[in-house]
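Keep the viewer open as you read.

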Amino acid sequence: MAADADLEQPKADPPEDSNAVKDPDDWTTGDEPMTGAQASYLKTLCEEAGEEFDPNTTKAEASKRIDALQEKTGRGQ
C-alpha cells in the first residue's frame, strides 16, 4: 500500500543550533549520575578499549567519554 510508505520517513539530523546538539558541559542535568544506558554502553566500550570503567561518572562526563571511546574502538562510525 502506498499509505504505508508514507509512515517510514527517514529522520533528519537536527540543525546545528538545535538543543539536541547541546554540548554536555551545558546540560542542566550533566552533573547527575550517568543513566543506566550510558553506564552499560560505557562499560562495554571501556572493556573493548582496555580502559578502566568508573561507575561514578556523571551524565556529561559519560557522554564525552563515550564519544572518545567510540572513535578509539571504531564504533562511532
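The cover over the buried residues of α3 includes α2. In this predicted model, local features need pLDDT of at least 70 and side-chain atom pairs count only at pLDDT 80 or more, while totals for chains, interfaces and linings use all residues. Residues are numbered from 1 along each chain as its sequence is written, and side-chain values use heavy atoms, with hydrogens and water left out.

Which residues of α3 are buried? They are Lys-59, Ala-60, Ala-62, Ser-63, Ile-66, Leu-69 and Gln-70. Here buried means under 20% relative accessible area, exposed means over 50%, and partly exposed lies in between, with a 1.4 Å probe and protein chains only. As background for reading such a list, an α-helix has 3.6 residues a turn, so residues three or four places apart point the same way. Helices are DSSP runs of H or I with at least four residues, strands are runs of E with at least two, and both are numbered from the N terminus.

α3 itself has 15 residues and reaches 21 Å from its first C-alpha to its last, close to the 21 Å expected at 1.5 Å a residue. That expected span is 1.5 Å times one less than the number of residues. Gly-74 follows α3, and its phi is positive, near 85°.

Now bring in the partner. The axes of α2 (residues 36-49) and α3 (residues 59-73) come within 9 Å and cross at roughly 35°. Axes are lines fitted to C-alpha atoms, for helices over the stretch in contact, and angles run from 0 to 180 degrees between N-to-C directions. The crossing of α2 and α3 is left-handed, a term used if the near helix is turned anticlockwise from the far one by less than a right angle (clockwise would be right-handed). From α2, the contact draws on Gln-38, Tyr-41, Leu-42, Leu-45, Cys-46, Glu-48 and Ala-49; from α3, on Lys-59, Ala-62, Ser-63, Arg-65, Ile-66, Leu-69, Gln-70, Lys-72 and Thr-73. Contact means heavy atoms within 4.5 Å. By class, this contact has eight nonpolar, four polar and four charged residues. Ala, Val, Leu, Ile, Met, Phe, Trp, Tyr, Cys and Pro count as nonpolar, Asp, Glu, Lys and Arg as charged, and the others, Gly among them, as polar.

What makes up the largest nonpolar core? It consists of eight residues: Met-34, Leu-42, Leu-45, Cys-46, Ala-49, Ala-62, Ile-66 and Leu-69. α2 and α3 are the elements that give two or more residues to this core, and α2 gives the most, with four. A nonpolar core is a set of buried Ala, Val, Leu, Ile, Met, Phe, Trp, Tyr and Cys residues joined through side-chain atoms within 4.5 Å.

Ala-49 is in contact with Leu-69, Lys-72 and Thr-73, leaving aside its neighbours within four places in sequence. Gln-38, found in α2, counts as buried because its relative accessibility is 14%. Leaving aside neighbours within four places in sequence, Gln-38 is in contact with Lys-59, Ala-62, Ser-63 and Ile-66. From Gln-38 to Ile-66 the C-alpha distance is 8.1 Å, although the two are 28 residues apart in sequence.

Ser-63 sits in α3 and is buried, with a relative accessible area of 14%. Not counting residues up to four places away in sequence, Ser-63 touches Pro-24, Trp-27 and Gln-38.

Is Asn-56 buried or exposed? Asn-56, in the loop between α2 and α3, counts as exposed because its relative accessibility is 66%. Asp-31, in the loop between α1 (2-7) and α2, is likewise exposed, with a relative accessible area of 64%.

Stepping back, the protein has three helices and zero strands, in the pattern α-α-α along the sequence. Buried residues make up 22% of its 77 residues. Among contacts between residues at least 6 apart in sequence, 57% join residues at least 24 apart.
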